[in-house]
Amino acid sequence: MRTIAPAELRLDGRAVMARGRQSTHGTLGRLATELAKFGAVGTVAFFVDLAVYNALAFTIMDDNPIGAKVFAVLVSTIVSWLGSRYWTFKDGAAKSAPAELFWFVLINAGGFVIAALCLVVSHYMMGLTSKLADNVSANFVGLALGNVFRYFMYKFLLYKIPTRRIASSTAGRSDAESGKR
């Protein structure tokens with residue numbers, strides 16, 4: 001017969017894993033908050049990317065959409081890194097800023113390659129050379145696919161929070177803050 005911990009016992013005597021359920025609820029809440037922050041930072045970076053790309057593609061780089069995209073991605077990457085480090089994944093930002101920026105840029109290079117490949121395929125291989133087609137392939141399809149890649153790389157590689165830090169950060173919270181009832 002198994003011993004029932006006090007947190008598992010309900011008034012009717014049945015054992016429940018209330019703690020596990022609360023942890024799941026807390027985890028889902030943290031995940032939802034993190035995804036919302038990631039989305040907000042990504043939205044700001046997207047508009048920076050879009051503005052810089054179009055400013056260049058319609059002016060000084062009108063014959064070089066790839067070059068315009070490279071520069072736009074560099075600018076938006078800095079914006080995204082600042083938002084990710086200091087807001088979205090601030091609990092996982094344990095590396096030195098230069099080391100973290102290096103890895104962040106490397107991960108974003110992977111996201112950039114995805115967006116650039118979408119642009120290369122549509123512009124050069126499919127012959128869709130209008131500014132609208134370039135924008136759709138690079139700034140909508142490419143960025144969407146690149147963002148999925150980025151999120152998982154940030155979450156599970158760059159800003160991975162050690163389990164002991166999660167436990168210690170929730171241990172110091174009051175019951176109301178940690179989701180306990």
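**Charged pairs and aromatic rings across the helices**

K69 is buried, with a relative accessible area of 1%, where buried means under 20% relative accessible area, exposed over 50% and partly exposed in between (1.4 Å probe, protein chains only). The structure is a predicted model, in which local features need pLDDT of at least 70 and side-chain atom pairs count only at pLDDT 80 or more, while totals for chains, interfaces and linings use all residues. Residues are numbered from 1 along each chain as its sequence is written, and side-chain values use heavy atoms, with hydrogens and water left out.

The protein chain contains six helices and zero strands, helices (H or I, at least four residues) and strands (E, at least two) being DSSP runs numbered from the N terminus. Read from the N terminus on, the order of elements in the protein chain is therefore α-α-α-α-α-α. Of the 181 residues of the protein chain, 33% count as buried. Among the contacts in the protein chain with a separation of 6 or more, 68% involve residues 24 or more positions apart, a contact meaning heavy atoms within 4.5 Å.

The count of salt bridges comes to three, under a rule that asks for a side-chain nitrogen of Lys or Arg within 4 Å of a carboxyl oxygen of Asp or Glu. In one of these salt bridges, the side chains of D49 and K69 meet at 2.6 Å, N to O. D49 lies in helix α1 and K69 in helix α2, so this pair ties together parts that are 20 residues apart in sequence. Like K69, which is buried at 1%, D49 is buried, and its relative accessible area is 2%. The charged end of K69 also sits over the ring of Y53, at 5.7 Å from the ring centre; such an arrangement is assigned if NZ of Lys or CZ of Arg is within 6 Å of the ring centre and within 35 degrees of the ring normal.

In another salt bridge, the closest N and O atoms of R85 and E100 are 2.5 Å apart. R85 belongs to helix α2 and E100 to helix α3, so the pair ties together parts that are 15 residues apart in sequence. R85 counts as buried at 12% relative accessibility, and E100 counts as buried at 1%. A further salt bridge joins K155 to E34, with 3.1 Å between the closest N and O atoms. This pair links distant parts of the chain, given that K155 is in helix α4 and E34 in helix α1, 121 residues apart. Here the two partners fall into separate classes: K155 counts as partly exposed at 26% relative accessibility, whereas E34 counts as buried at 12%.

F38 is found in helix α1, which covers residues 18-57, and F38 is buried, with a relative accessible area of 14%. Leaving aside residues up to four places away in sequence, F38 touches T88, F89, N147, R150, Y151 and Y154. The C-alpha atoms of F38 and R150 are separated by 9.9 Å, although these residues stand 112 residues apart along the chain.

Aromatic pairs number 13 in total, rings of Phe, Tyr and Trp (its six-membered ring) being paired if their centres lie within 6.5 Å, with planes under 30 degrees apart counted as stacked, over 60 as edge-to-face and the rest as tilted. F89 and Y151 form one of these pairs, which is tilted, with 6.3 Å centre to centre and 40 degrees between the planes. F89 lies in the loop between α2 (65-88) and α3, and Y151 lies in helix α4, so the pair ties together parts that are 62 residues apart in sequence. Both F89 and Y151 are buried. F89 forms a pair with Y159 as well, and this one is stacked, at 5.0 Å centre to centre and 5 degrees between the planes. Because F89 is in the loop between α2 and α3 and Y159 in the loop between α4 and α5 (163-171), the pair ties together parts that are 70 residues apart in sequence. The relative accessibility of F89 is 4%, so F89 counts as buried, and Y159 counts as buried at 2%. Through ring pairs, F38, F89, F104, Y151, F152, Y154, F156 and Y159 are linked into a cluster.

L128 is partly exposed, with a relative accessible area of 40%.
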